[in-house]
Amino acid sequence: MYRKTKTAILIALAAMAVAGCAPLQDLIDGPSAKAEGLALHQHLLEKQYQSWELWPGTRELAPSEFPHGNFQSTRINPRAARALKYGKELPAGALIVKVEFDGRQRFEALSVMLKQKDGQWLFARYEGDRLAEYPDKEGPCLSCHRGQKSNDYLYLSRAR
Ligand code: HEC
């Protein structure tokens, strides 16, 4: 009996470990859903987004604009960093993480953009640890970012 329970627990732990891995490939072009949003967050934590490079030419805790908090650091994953370095278009799997801070420079939220296989961005937002805006290609985030269509939907420019 004890042994069976132990085996069951081990299997459950193994399953959790596998599920927790959240390989980026599975998050690209998946259905927009809560599960995907949680997996994306998990991916950011596992890959330690805090240690990712800043968007070239930007600095840590730079002043931010509405609706993105008072201060921000814009971090990019290695895939995005490589593309920018070689002047290429941001490829599927490129991640931009806007880390937002309040007026006293306390962490507040993450606004995230993940490039999809079809070239569109998936937008998601986390307030504290809470999934505040489910991953979405068409949602409220795009209402502003659409205006930047000619710049790959980004306010940041590569020249900066
Ligand atoms: C009211 C307009 C508006 C809405 C809505 C909006 N954004 Fe933004 N976003 C901006 C502006 C303006 C900037 C650049 C200014 C700054 O960095 O503070 C920006 C910058 C960003 C950046 C850094 C890359 C870039 O474009 O320069 C990310 C990532 C981002 N937004 C994600 C999101 C996500 C995710 C959402 C939805 C949860 C969202 N945004 C909703 C206006 C908006």
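Mentor: Please bear in mind that this is a predicted model. Buried residues account for 27% of the 160 residues in the protein.

Trainee: How many helices and strands does the protein have, and which pattern do they follow along the sequence?

Mentor: The protein has 5 helices and 7 strands. Along the sequence they are arranged as α-α-α-β-β-β-α-β-β-β-β-α. Of the contacts between residues at least 6 apart in sequence, 41% join residues at least 24 apart.

Trainee: How should I read the nonpolar core?

Mentor: In soluble globular proteins, nonpolar side chains tend to be buried together. Here the largest nonpolar core comprises 24 residues, and Leu95, Val97, Val112 and Leu114 have the most contacts inside it. Helix H3 (34–46), S4, S5 and S6 each give two or more residues to this core.

Trainee: Which residues is Val112 in contact with, leaving aside its neighbours within four places in sequence?

Mentor: With those neighbours set aside, Val112 contacts Leu40, Leu95, Val97, Ala124 and Arg125.

Trainee: Which residues around the ligand come nearest?

Mentor: There are 23 residues around the ligand, and Glu65, Cys141, Cys144, Tyr155 and Leu156 come nearest. Two or more residues of the shell come from each of strand S3 (71–76), strand S4 (95–101), strand S5 (107–115), strand S6 (121–127) and helix H5 (140–145).

Technical notes
Residues are numbered from 1 along each chain as its sequence is written. This is a predicted model: local features need pLDDT of at least 70, side-chain atom pairs count only at pLDDT 80 or more; totals for chains, interfaces and linings use all residues. Helices (H or I, at least four residues) and strands (E, at least two) are DSSP runs, numbered from the N terminus. A residue is buried if 20 or more other C-beta atoms lie within 10 Å of its own, exposed if 12 or fewer, and partly exposed in between; C-beta atoms are placed from the backbone. Two residues are in contact if their C-beta atoms, placed from the backbone, lie within 7 Å. A residue is near a molecule or strand if its C-beta atom, placed from the backbone, lies within 6 Å of it. A nonpolar core is a set of buried Ala, Val, Leu, Ile, Met, Phe, Trp, Tyr and Cys residues joined through C-beta atoms within 7 Å.
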